[in-house]
Amino acid sequence: MKLLYNIAVHLAKLVLKVLSLFNNKLKQGEVGRAETFEKLKKAIKKSDYTLWFHCASLGEYEQGLPVFTELRKLYPKHKTVLSFFSPSGYEIRKNAPFADVVVYLPLDTKRNAKRFIDVVHPELTVFVKYEIWPNYLNEIQTRGLKAILISAVFRKDQSFFKWYGSQTKNALFAFDHIFTQNEASKKLLESINYKAITVSGDTRFDRVLNQLQIDNNLPFVTDFKADKLCVVIGSSWPEDDSILVDFINNYNGKPVIFIIAPHNIKSKQIEYLKASLDKKTILFTEKETKDFKDYDVLILNTIGLLSKVYSYADIAYVGGAMGTTGLHNILEPAVFGVPIIIGNNYDKFPEAFEMIANKGVFSIKNNEDLSVILNKLIEDQTFRENSGQNNFEYIKQNEGAINKVLQYLKCN
């Protein structure tokens, strides 16, 4: 199985190199990985004490950030290496303030793993959610270095729990401790005789609760909202936009303003979205030259504002689950006590199941479903406020994952 895995990694390397000729995102990753070792050698000395934090992409970074931040306080003299595999994480967080160096993680070959650990020599490695790289983890284990996995989620259809998954299953045993989001994940680990487990919950709950401690005021949103009801559409994809645009164009009820934060902010996509809207629409980049009072829809053709914009929402729609790209973070609006609408493809997101059962999140599958629930949330204030309160209480009930991780590290 080890041989097959390593062959597969080398084949993946060749495939990525070819595909990167035709895909800008893949090209960014290829170029970035080629620069990794040079960046590390410039930033890390053999005499340095180091911590290594690894995330697949931006979502895992958001989960890990509360732990990363606290660990910097716990290890103030250590240098911190932050690695990503995906350009969507690296390009947005390549200047993360808590990290001394941010890099792309080279592919999981034996040679790359040895070189990486030689240079970084981490005293503690923290992987997030389900980042399992067998060669890197084997190198960590062989050298007797400490590693933990946080906010882990496992499903019975994953290779760790199949007869053909011995390579990835064995890699799990390189972790000194695994912190799972739920009891089901713990039971799956126990089924393969892994015992060093704590059900800590999801660190994202602590992350979003921190949002309440900062100033979320955005004067341009204050001006745009005025005294109207506000629907925030966060991280939408074209499949989300298609049904939302139809609703917005045909809506003629009480005064409502819509703020759309598309996942893709490339100019062509933004122009297409704006042109599809019949209501008066303004872009974020036009806010200095136009009067917000004249507009019904604001499109955020920028990044980094959505978590604060959610504080203005009376209702939120979170994208990603109308298609197959994956549901975006529904905890961000939930912490502000906002009812949330999502698509119907959320199988890999346990919080969605729980929040739907808790009557704060509503799943739709088509235009008709959207129209029914969105109109009800707009027209029925009591229903809207109760639904939002259900979401806030759910967040509060699930805080504390960071403390469990830190308690373990302080004692070990």
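1. The second largest pocket is lined by 13 residues. Those nearest its centre are K13, R33, A34, P106 and N112. Its volume is about 310 Å³. The most comes from α2, with four residues. A pocket here is an open set of points on a 1 Å grid over the protein atoms alone, with protein on both sides within 12 Å along at least five of seven lines, using a 1.4 Å probe. Lining residues have an atom within 4 Å of a point. Grid points are joined across faces, edges and corners, and the volume is the space filled by probe spheres set on them. Helices (H or I, at least four residues) and strands (E, at least two) are DSSP runs, numbered from the N terminus.

2. A word on the basis. This is a predicted model, in which local features need pLDDT of at least 70 and side-chain atom pairs count only at pLDDT 80 or more, while totals for chains, interfaces and linings use all residues. Residues are numbered from 1 along each chain as its sequence is written, and side-chain values use heavy atoms, with hydrogens and water left out.

3. Next, strand β2 (residues 79–84). Five of its six residues are buried, so β2 is largely enclosed by the rest of the structure. Buried means under 20% relative accessible area, exposed means over 50%, and partly exposed lies in between (1.4 Å probe, protein chains only). On one side of the pairing list stands β1 (residues 50–55), which runs parallel to β2 and is joined to it by six bridges. There, L51 has T80 as its bridge partner. Strand β3 (residues 101–104) is also parallel to β2, through four bridges. In that pair, L82 stands opposite V102. Strands count as paired if DSSP finds at least two bridges between them.

4. How are these strands connected? β1, α3 and β2 make a right-handed β-α-β unit. β2, helix α4 (residues 87–93) and β3 make a right-handed β-α-β unit too. Right-handed means that, with the strands pointing away from the viewer, the path from the first strand over the helix to the second runs clockwise.

5. Is S83 buried or exposed? S83, in strand β2, counts as buried, at 0% relative accessibility. Leaving aside neighbours within four places in sequence, S83 is in contact with W52, F53, H54, C55, V103 and L105. Contact means heavy atoms within 4.5 Å.

6. The largest nonpolar core has 42 residues. F220, I259, L327, I330, I340 and I342 have the most contacts inside it. I330 touches V318, I340, I342, E351, A352, M355 and V361, not counting residues up to four places away in sequence. Apart from this core lies another, of 40 residues, including I44, V81, W133 and I140. A nonpolar core is a set of buried Ala, Val, Leu, Ile, Met, Phe, Trp, Tyr and Cys residues joined through side-chain atoms within 4.5 Å.

7. Helix α9 (residues 203–210) is mostly covered, with six of its eight residues buried. These are T203, R204, F205, D206, V208 and L209. What covers them includes α3 (58–74), β5 (146–152), α14 (331–334), α15 (350–357), α17 (381–397) and α18 (401–411).

8. F336 sits in the loop between α14 and β13 (340–342). Beyond its neighbours within four places in sequence, F336 is in contact with Q211, L212, N216, S307, Y310 and S311. The C-alpha atoms of F336 and N391 are separated by 8.3 Å, although the two are 55 residues apart along the chain.

9. Q167 belongs to helix α7 (residues 166–172). Q167 is buried, with a relative accessible area of 12%. Not counting residues up to four places away in sequence, Q167 touches K2, Y5 and P134.

10. Two backbone angles deserve a look. Most residues other than glycine have a negative phi. H121 is not a glycine, yet has a positive phi of about 35°. H121 lies in the loop between α5 and β4 (124–128) and counts as partly exposed, at 23% relative accessibility. A226, also not a glycine, has a positive phi of about 55°. A226 is in the loop between α10 (219–225) and β8 (229–236). A226 counts as exposed, at 55% relative accessibility.
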